[in-house]
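Morning, everyone. I have one structure to walk you through today. Have a look at it first, and then we'll go through it piece by piece.

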Amino acid sequence: MKIKNNRMFFGFKFILPVALALFIIFCCLPVLSCSKNAITKTPPGIIAEPERNTNKTDEEAALTEEKILDDDKFKLMRMNMVQNQIAARNIKDEKVIESMLKVPRHFFVDESQQNSAYEDRPLHIGMGQTISQPYIVALMTESLELSGDEKVLEIGTGSGYQAAIIAEIVNQVYTVEIIPQLYNTSKDRLKIYENVKVSNHDGYYGWEEFAPFDSIIVTAAPDHIPQPLVSQLADGGIMVIPVGPPGWNQTLYKVIKDGEDIVIKEITSVIFVPLTRSKE
Ligand code: SAH
């Protein structure tokens, strides 16, 4: 009995710790590996970044992930826009295509409109004004035949989107907006571009201080080609401008300055908001 008891005691003494160790190994390993997965798991299509702030609350971490997914969603929309609306309609200039792939159009519209930002149509930007359909932005930009070292004047800043598209391509952009509220918002948005200057005045008169310009783009329609804009266009420069009565029967023109002469070519029919005039 005594011996038997001793054996049992030895058995317990030996088997218990081993069983305990095995229990810990088998039970805890899966838990450890699960939690490791939970930390490093990355949503599909997103490149994992190293954890930067370990003090983040769950809520903050979720917000960051949501933002990344959101950016990814807009990037996809942008790629579809370029493929189906721009390249499919024969816009070939690589610089224009690249710029339209890069500039986040949704950033230039009100939050409530962001999901429509890449649709094939103009969008309201407040104060009765619109941001042009993506294809028209691309067509006008391509028509300027930009090589990259131009100084460009835009009349009608609006949301700032067209200015951003050009700023990705050239050295310097000057853009003029007549409505103070639109000027203020677009000026803020365009702060990310060091090569864009924004002004709040009647663009019918161009921007004398920085003339001459290699290219001029007008994104509101006057009923005639403003003489001050022709004067501020450099020799050999190109101006793209819609001309016509408010709301209908407008034509987009390419105006090329050739010394004292100007050559005018028709591009296509368009509908733009009217170029309004200051009251003084
Ligand atoms: N290019 C803009 C779209 C502009 S819509 C964009 O990418 O969002 C036309 C803009 O021209 C409007 O914002 C309107 O206020 C502005 N505008 C109209 N007449 C103007 C004038 N005389 N001078 C400057 N801006 C003018």
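Let me start with one term. When I say a residue is near a molecule, I mean that its C-beta atom, placed from the backbone, lies within 6 Å of that molecule. Keep in mind, too, that this is a predicted model.

Now the ligand. How many residues surround the ligand? The count is 25. The closest are Gly156, Gly158, Ser159, Gln162 and Gly203. What kinds of residue make up this shell? Twelve are nonpolar, ten are polar and three are charged. Next, where they come from. Strand E2, residues 129-131, supplies at least two residues of the shell, and so does helix H5, residues 161-167. The largest share comes from E2, with three residues.

Step back to the whole chain. The protein chain has 280 residues, and 32% of them count as buried. Its secondary structure comes to seven helices and nine strands. Take the contacts in the chain with a separation of 6 or more. Residues 24 or more positions apart account for 51% of those.

On to the sheet. In which order do the strands lie? The order is E5-E4-E3-E6-E7-E8-E9. That is seven strands in an open sheet, with mixed pairing. At the edges are strand E5, residues 196-199, and strand E9, and each of these pairs on one side only. From one strand to the next, the twist averages 15 degrees.

Let's zoom in on one end of that sheet. Strand E7 covers residues 233-243, and strand E8 covers residues 250-258. E7 and E8 run antiparallel, joined by six bridges. Two partners to find on your screen. Valine 243 stands opposite threonine 251 in E8. Isoleucine 238 has isoleucine 256 in E8 as its bridge partner. E7 and E8 form a hairpin with six residues between the strands, where glycine 244 takes a positive phi near 155 degrees.

Keep going along the sheet. E8 also pairs with E9, residues 261-270, again in the antiparallel sense. This time there are nine bridges. How many residues sit between the strands in the hairpin of E8 and E9? Two. In that turn, glycine 259 has a positive phi of about 65 degrees.

Now the core. In soluble globular proteins, nonpolar side chains tend to be buried together. Here the largest nonpolar core has 56 residues. Those with the most contacts inside it are Val173, Ile216, Met239 and Val240. Pick out methionine 239. Leaving aside its neighbours within four places in sequence, methionine 239 is in contact with Ile216, Leu229, Leu233 and Val255.

Is threonine 130 buried, exposed or partly exposed? There are 18 other C-beta atoms within 10 Å, so threonine 130 counts as partly exposed. Buried would take 20 or more. Setting aside residues up to four places away in sequence, threonine 130 touches Pro122, Leu123, His124, Ile125 and Val273. Look at that last name. Valine 273 is 143 residues away from threonine 130 along the chain, yet their C-alpha atoms are separated by 7.5 Å.

Last topic: backbone details in the loops. Which peptide bond is cis? The one from alanine 211 to proline 212, with omega near 0 degrees. Proline 212 is in the loop between E5 and strand E6, residues 213-218.

Then there are positive phi values in residues other than glycine. Asparagine 90 has phi near 80 degrees. It is found in the loop between helix H2, residues 58-86, and helix H3, residues 94-102. Asparagine 90 has 10 other C-beta atoms within 10 Å, so it is exposed. Methionine 127 has phi near 55 degrees, also positive. Find methionine 127 in the loop between strand E1, residues 123-126, and E2. Why does methionine 127 count as exposed? Because it has 12 C-beta neighbours inside 10 Å, and exposed means 12 or fewer.

That's my tour. Over to you for questions.

Definitions and conventions:
Residues numbered from 1 in each chain as written. Predicted model: local features only at pLDDT ≥ 70, side-chain atom pairs only at ≥ 80, totals over all residues. Helix = DSSP H or I, 4+ residues; strand = E, 2+ residues; numbered from the N terminus. Nonpolar A, V, L, I, M, F, W, Y, C, P; charged D, E, K, R; others polar. Pairing = 2+ DSSP bridges. Contact = placed C-beta atoms within 7 Å. Core = buried A, V, L, I, M, F, W, Y, C linked by C-beta atoms within 7 Å. Axes fitted to C-alpha atoms, helices over the stretch in contact; angles between N-to-C directions.
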